[in-house]
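Below is a short briefing on one structure, covering sheet, cores, aromatic pairs and backbone exceptions.

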Amino acid sequence: MVSSEGSSALLPQAKQQGVTKPISVSGPTETDVQRSLELEKFLVDAGLYESKEEAARREEVLGRIGQIVKDWVKQLTRLRGYTDQMVEDANAVIFTFGSYRLGVHGPGADIDTLCVGPSYVNRDEDFFFILHNILEEMEEVTELQPVPDAHVPVMRFKFDGISIDLLYASISLLVVPEDVDISDVSVLYNVDEPTVRSLNGCRVADQILKLVPNVEHFRTTLRCLKFWAKRRGVYSNVTGFLGGVNWALLVARVCQLYPNAVPSMLVSRFFRVYTQWRWPNPVMLCAIEEDELGFSVWDPRRNPRDRTHHMPIITPAYPCMNSSYNVSTSTLRVMMEQFQFGNKTCEEIELNKAQWSALFEPYFFFESYKNYLQVDIVAADVDDLRAWKGWVESRLRQLTLMIERDTYGKLQCHPYPHEYVDTSKQCSHCAFFMGLQRKEGERIEEGQQFDIRGTVDEFRHSINMYMFWKPGMEIYVSHVRRRQVPSYVFPEGYKRSRPPRLTNQLSHEDGEGCRAGSRERQFKRKKDPERVDLRQDKLEKRQSIRQQKEVSVSPEIPCHRSASTSQEHLVSGFVGMNENAEVNGTCQAGVGKVLDFASKNSMNAETGSTRREIQTPCTKNSEDGPNSSTVTTLTSEVGSYEDLGIELVAGNSEGNTGSSEGSNNVGSSQGDSCEADSDLHLENCFVDGNRVLQDRLHEELEPNAVLGMVLNSRAGVDAESVQKPVMRLSLTSTVTA
């Protein structure tokens, strides 16, 4: 709990922690203390703290795992012919890291653990084979999943119902003492890179706790920010957002900048600082130092690859690395948008205009975009799905990067770090979604399109590299529009009703619904007699075209058809420009084999939809190879009286052959719904590394509070700031009518 004992008049002069002096050493007011008590109560009521019984159970499980690895090492020592004394002294030690080590884990959270063993016990055979088999035979162990080819090799399982992520590090000692200090740099002698990465989890956690001025305030603030990040959909390292260690480092830096602040102040300052942070200037808790061991450290002056990082958050333990290398341009944009939301909400809380609950309102992902990519993952059984899903999920970030690369950043992706399960399917299934929109401010030419078929095909080939593939493991990629999002993604099984729109709506007697566009365009339509006169002609033409195209049907592929699937499904889409495209019928997303391509030819705005047959992905066809991708069709509609935009064609390939087939079908369209969009504008600028945070921070900053990067080395390189071009985002809201 917090207290008001530390008023600013009684506080001692804070020493410098981190690479700069504090922004402010002021202590809390009575109001700040009260807000912190309210925040802690909110976190308790939200169920973020585990019970004493669960805490004791975790300790018991860790003790049992510790005994298992000790027996495992003794067994290997005996098998390899060592003396009886060596067998008796043989040892392995279990360490924890991550949220459990930092003291911010919640009920049901997994425990990140590291097993440190002697030099003669290796990872590939002894850990992933012998220890794996030992665990596999134990009744307490379930859901055992080895991931030997991960960036940090890990074995995941549940022990007596508690999730465990177990790493292994073999250090250069014949006997591992019970009190081995892995924070000492000597443990890194004569070890390989995967071992360094495995050891660094514990070493970083220990350093974080040493570098924050108040551990309890740090823990409360971090627990709050992790909960916020999960509610707002930006908590996932594997998807390209930030994971536990990233959030811990960001919070720890704010604690250094405001050493005497209580949690309510730290949460508010967190958003204030990071909404104005000049990325890619790095966040660091201490200076980067090199060591004679020669491991590579993060240094954009020497390593060209480090210059490509968008949101560097540097670990404080040698060798210092960028913990957030997964962040892409698109995911950084999403996080900055959410930081803006947090900052605005905290300002309202400080003005007593809002409660803490407002900060943790969930992010309505499926109301934020007009177009989505749906990635369906299916397997023969639950165990196969667990392994297959883990592999596909680890590669989803690559799909985001590929789309950014192939569209030159003009098509922005928002991968959502949450999996959804369609319980109505007979096979084991889960799905992930990505929001799609074009980058605001880009000039769009008539007929321009984003063709990402090759991108999806490349993504499929990367998925095919899975060495543990089994029959039944399939992946399907398809395009869905907002109104076609399947009902199982919503908590109650149905879509949340939208609030009343702020835009003007045009209603039509023929049921076309409202058409969204600018007020100026609406005015022009009213003044355009040609549009009124041609209306009946267009309806007749649309019916005529539909009758002509009915003879062309999508190829039938044997599978079980979903009961809710209609005979015909019309799919039309593009990224955020065309408000006139509409859908007739309900599209079941992500289900189907290779279907039909959209014609790339310019089509009339009233007849630009494409029909495709929808089929379930649960049917297994051995001829399809390891996996398949659905052809996803996104067609723009270009009219003579409106500049409506971009055609997006999302890719397909079938099996390993990469073959595709389909037919062009044109059906009728109906009016889409109107909505208001938030436009993000990117502007490039150069940041002087010696400059400090501006705007609302400038009143609190001292002249020497530099938030740039400082690199120190034993080679005698002077401290310096790095100047690099960065992307700064300013959020403006626009409403289309």
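Helices (H or I, at least four residues) and strands (E, at least two) are DSSP runs, numbered from the N terminus. The model is predicted: local features need pLDDT of at least 70 and side-chain atom pairs pLDDT 80 or more, while totals for chains, interfaces and linings use all residues. Residues are numbered from 1 along each chain as its sequence is written, and side-chain values use heavy atoms, without hydrogens and water.

**Sheet and packing helices**

- Five strands form an open sheet in the order β1-β2-β5-β4-β3, with mixed pairing; two strands pair if DSSP finds at least two bridges between them.
- β1 (93-97) and β3 (141-147) are the edge strands, each pairing on one side only.
- On average, neighbouring strands of this sheet are turned by 25° against each other, direction ignored; axes are lines fitted to C-alpha atoms, for helices over the stretch in contact, and angles run from 0 to 180 degrees between N-to-C directions.
- β4 (residues 154-159) and β5 (residues 162-170) are antiparallel and share five bridges.
- Arg-156 has Asp-165 in β5 as its bridge partner.
- Helix α2 (residues 52-79) packs on the sheet, where it touches β1, β2 (111-117), β4 and β5, and its direction makes about 35° with that of β5; contact means heavy atoms within 4.5 Å.
- Helix α6 (residues 193-211) lies across β1, β2 and β5 and runs at about 120° to β5.

**Nonpolar cores**

- A nonpolar core is a set of buried Ala, Val, Leu, Ile, Met, Phe, Trp, Tyr and Cys residues joined through side-chain atoms within 4.5 Å; buried means under 20% relative accessible area, exposed over 50%, and partly exposed in between (1.4 Å probe, protein chains only).
- The largest core has 104 residues, and those touching the most other members are Leu-114, Ile-208, Phe-218, Trp-228, Trp-247, Phe-270 and Tyr-274.
- Helix α8 (residues 244-257) contributes the most to this core, with nine residues.
- A second, separate core has 28 residues, including Tyr-100, Val-121, Phe-157 and Tyr-168.
- Beyond its neighbours within four places in sequence, Tyr-274 is in contact with Leu-250, Arg-253, Val-254, Trp-279, Val-283, Met-336 and Phe-339.

**Aromatic pairs**

- There are 34 aromatic pairs, where rings of Phe, Tyr and Trp (its six-membered ring) pair if their centres lie within 6.5 Å, and planes under 30 degrees apart count as stacked, over 60 as edge-to-face and the rest as tilted.
- Phe-365 and Tyr-416 are stacked, at 4.3 Å centre to centre with 5° between the planes.
- These two residues are 51 residues apart: Phe-365 is in the loop between α11 (356-359) and β6 (371-379), and Tyr-416 in the loop between β7 (411-415) and β8 (428-438).
- Tyr-420 and Phe-433 pair edge-to-face, at 5.8 Å centre to centre and 75° between the planes.
- Tyr-420 is in the loop between β7 and β8 and Phe-433 in strand β8, so the pair ties together parts that are 13 residues apart in sequence.
- Both Phe-365 and Tyr-416 are buried, and Tyr-420 and Phe-433 are buried too.

**Backbone exceptions**

- Most residues other than glycine have a negative phi, and most peptide bonds are trans.
- The Trp-279 to Pro-280 peptide bond is cis, with omega near 10°, and Pro-280 is in the loop between α9 (263-274) and α10 (329-350).
- The bond from Tyr-318 to Pro-319 is cis, with omega near -10°.
- Asp-160, in the loop between β4 and β5, has a positive phi of about 55°.
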